[in-house]
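The following exercises are to be worked with the sequence and the model in view. Each task is followed by a solution in steps.

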Amino acid sequence: MSLCVSIPPIFAHTSQEDAFDIGGGVALINNTFGRQLYARYHVCDFMGDGKDDLFLATGATWWVNSGGKSHWWLLNIMPERYDRVLVGDFNGDKRCGVFSVNGPDWRISSGGTELWQRIVAGADVPLDQLRVGDFNGDGRSDFFRRAPDGQWFIVSPGLFPMMAVASSGFALDKLHFGDFNGDRITDVMATVTGR
C-alpha cells in the first residue's frame, strides 16, 4: 500500500502564465504564486549528524537540505513560513525542531516532522521578540526575549522560568547571537561606534 500526498506548489513567478507554458487545456489548481523563497533559510542540524542543514518553510511545506549539499527532503506539510518559525534543539536529542507562537501559546514540532506540541501556555510573547540559543551551556536551545522596554530575558520552558538578565536600547534586529568565545554558551553581540 502506498501513500499519495498532494503538496500544493509554491512559485516565485507572479502568475500561472509566467510559471508554466501550459498547452492542451491543462488545469492546475492549489498553486501559490509570487512567493520568493530564495535564501530564506534557517540553519540548524535536523539530521543529528553534527552538521548544520538548511531548513525551508514555504507556507505549505517544510523542507531540509542536509549540510546544504544534498537535494531537498520533505519534512512536513505545514502552513508556517520562514518568518513565523524559529529552529533549535529544544529537547536535547541533538536534532533540531521547529518552534512557533500560536496566540499566547508556544509550541514545537520535534524534528520538524511531528505535529505541534504546546510547551508553554499563556506566554503571550510574540515571535518577533524572541531568538534561540543555548544560554546556559546545557546543550538544549533556550529562548532570548527582548521586551519592548529593552529588558532582556532568558527562558527554557520546563527547565527554568523567564529570568531578567540585562537590558539595552538596541533593537532585537541589531543584536547578533553566537558562541563568540568558545565556551559553548550563546553570547549576545552588538556594534557600538564601529566596534
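**Exercise 1. The disulfide**

Task: Determine how many disulfides the structure holds, and state which residues form a disulfide.

Solution. Step 1: The structure, which is a predicted model, holds one disulfide.
Step 1: The partners are C44 and C96, whose sulfur atoms lie 1.7 Å apart.
Step 2: C44 belongs to strand β1, whereas C96 is in the loop between β5 (86-88) and β6 (97-102). The two are 52 residues apart, and the pair thus links distant parts of the chain.
Step 3: Assign the handedness. The angle about the S-S bond is -60 degrees, and the link of C44 and C96 is left-handed.
Step 4: Consider the surroundings. C44 and C96 are both buried.

**Exercise 2. The nonpolar cores**

Task: State which residues make up the largest nonpolar core, and which strands each supply at least two residues of this core.

Solution. Step 1: The largest nonpolar core has 12 residues: C44, F46, F55, A57, W62, V64, L75, M78, V85, V87, C96 and V98.
Step 1: Strands β2 (53-57) and β3 (62-65) each contribute at least two residues to this core.
Step 2: In soluble globular proteins, nonpolar side chains tend to be buried together.
Step 3: Examine one member, V98. Leaving aside residues up to four places away in sequence, V98 touches F46, F55, W62, V85, L86, V87, F90, R107, I108, S109, G112 and W116.
Step 4: Look for a further core. A second, separate core has 11 residues, including V101, W106, I108 and L130.

**Exercise 3. A sheet of four strands**

Task: Give the order of the strands in the open sheet of four strands, and identify which are the edge strands.

Solution. Step 1: The order is β1-β2-β3-β4, and the pairing is antiparallel.
Step 1: β1 (42-44) and β4 (72-76) each pair on one side only, which makes them the edge strands.
Step 2: On average, neighbouring strands of this sheet are turned by 30 degrees against each other, direction ignored.
Step 3: Take one pair in detail. β3 and β4 are joined in the antiparallel sense over four bridges. W63 stands opposite L74, a residue of β4.

**Exercise 4. Positive phi angles**

Task: R184 and T193 each have a positive phi although neither is a glycine. Decide whether each of them is buried or exposed.

Solution. Step 1: The phi of R184 is about 65 degrees, and that of T193 is about 45 degrees.
Step 1: R184 is found in the loop between β13 (176-178) and β14 (187-189), while T193 lies in the segment after β14.
Step 2: A residue counts as exposed if its relative accessible area is over 50%. R184 has 70% relative accessibility and is therefore exposed. T193 has a relative accessible area of 76%, so T193 is exposed as well.

**Exercise 5. The whole chain**

Task: State how many helices and strands the protein chain has, and what percentage of its residues count as buried.

Step 3: Among contacts between residues at least 6 apart in sequence, 31% join residues at least 24 apart.

Notes:
Residues are numbered from 1 along each chain as its sequence is written. This is a predicted model: local features need pLDDT of at least 70, side-chain atom pairs count only at pLDDT 80 or more; totals for chains, interfaces and linings use all residues. Side-chain values use heavy atoms; hydrogens and water are left out. Buried means under 20% relative accessible area, exposed over 50%, partly exposed in between (1.4 Å probe, protein chains only). Contact means heavy atoms within 4.5 Å. A nonpolar core is a set of buried Ala, Val, Leu, Ile, Met, Phe, Trp, Tyr and Cys residues joined through side-chain atoms within 4.5 Å. Two strands pair if DSSP finds at least two bridges between them. Axes are lines fitted to C-alpha atoms, for helices over the stretch in contact, and angles run from 0 to 180 degrees between N-to-C directions. A disulfide is a pair of cysteine sulfur atoms within 2.5 Å.
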